[in-house]
Amino acid sequence: MIDSHAAAWSAGIIDGEGTITIVPRYRSDGKCKHHGFQLRVSVANTDEKMINRLKELWGGSIHLLKSNRDNRRDIWSWVLAANNAMTFLSQISKYLVTKSEICNICMEFQSRIESNKSKGRAGLSDEEISARSEYFWKVKELNHKGPWLYGRKGRMVFNPENKNA
């Protein structure tokens, strides 16, 4: 169990620099008739010490995104997925401010996945697949900034009413 100071610090990093999202997962082997989705938490930053501290506290993986431009610094990316992301979010959720709604939706999503895990992907009903897709689109909309958004058919859609613009 992580102490409250580390959890609060981590929540501040997520609120300011991080992403809590649901990402699509595609199967290329043709065995599955639908796409899957996965909970993911990430932070990308040029401060390697901060990224290493997140990994030290919570696990996960770190990736280096090398800059190909002289005037840009390299970016370090820390990622947690699925159950590891759920464990992390459950410990920092009470400290989140700006991303608390997204956090709650994503934790509900992951709980739903865990409760249906025994069925496997092939055993999921069309209703369950649709429900997971709805979580994905809701989180995508909440994470979106600006008036332009990719619609459900992959086309750019202008939405001047977007509250996150």
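Before you start clicking, one working rule: rings of Phe, Tyr and Trp (its six-membered ring) pair if their centres lie within 6.5 Å. Keep in mind, too, that this is a predicted model.

With that rule, select Phe37, Phe136 and Trp137: ring pairs link them into a cluster. In total, the count comes to five aromatic pairs.

Next, pick tryptophan 58 and phenylalanine 88. Their ring centres sit 4.8 Å apart with the planes at 80°, so call this pair edge-to-face. Now colour the helices: tryptophan 58 belongs to helix H2 (residues 48-58) and phenylalanine 88 to helix H3 (residues 82-92), so the pair links distant parts of the chain, 30 residues apart. Are these two buried or exposed? Tryptophan 58 has 12% relative accessibility and counts as buried, and phenylalanine 88, at 0%, counts as buried too.

Phenylalanine 136 is buried at 10% relative accessibility, and tryptophan 137 is buried at 17%.

Last stop: strand S2, residues 36-45. Eight of its ten residues are buried. Strand S1 (residues 18-25) runs antiparallel to S2, joined by eight bridges; look for arginine 25 opposite glycine 36. Strand S4 (residues 75-81) is also antiparallel to S2, with six bridges between them. To find that pairing, select valine 43 and its bridge partner in S4, tryptophan 78.

How values were computed. Residues are numbered from 1 along each chain as its sequence is written. This is a predicted model: local features need pLDDT of at least 70, side-chain atom pairs count only at pLDDT 80 or more; totals for chains, interfaces and linings use all residues. Side-chain values use heavy atoms; hydrogens and water are left out. Buried means under 20% relative accessible area, exposed over 50%, partly exposed in between (1.4 Å probe, protein chains only). Helices (H or I, at least four residues) and strands (E, at least two) are DSSP runs, numbered from the N terminus. Two strands pair if DSSP finds at least two bridges between them. Rings of Phe, Tyr and Trp (its six-membered ring) pair if their centres lie within 6.5 Å; planes under 30 degrees apart count as stacked, over 60 as edge-to-face and the rest as tilted.
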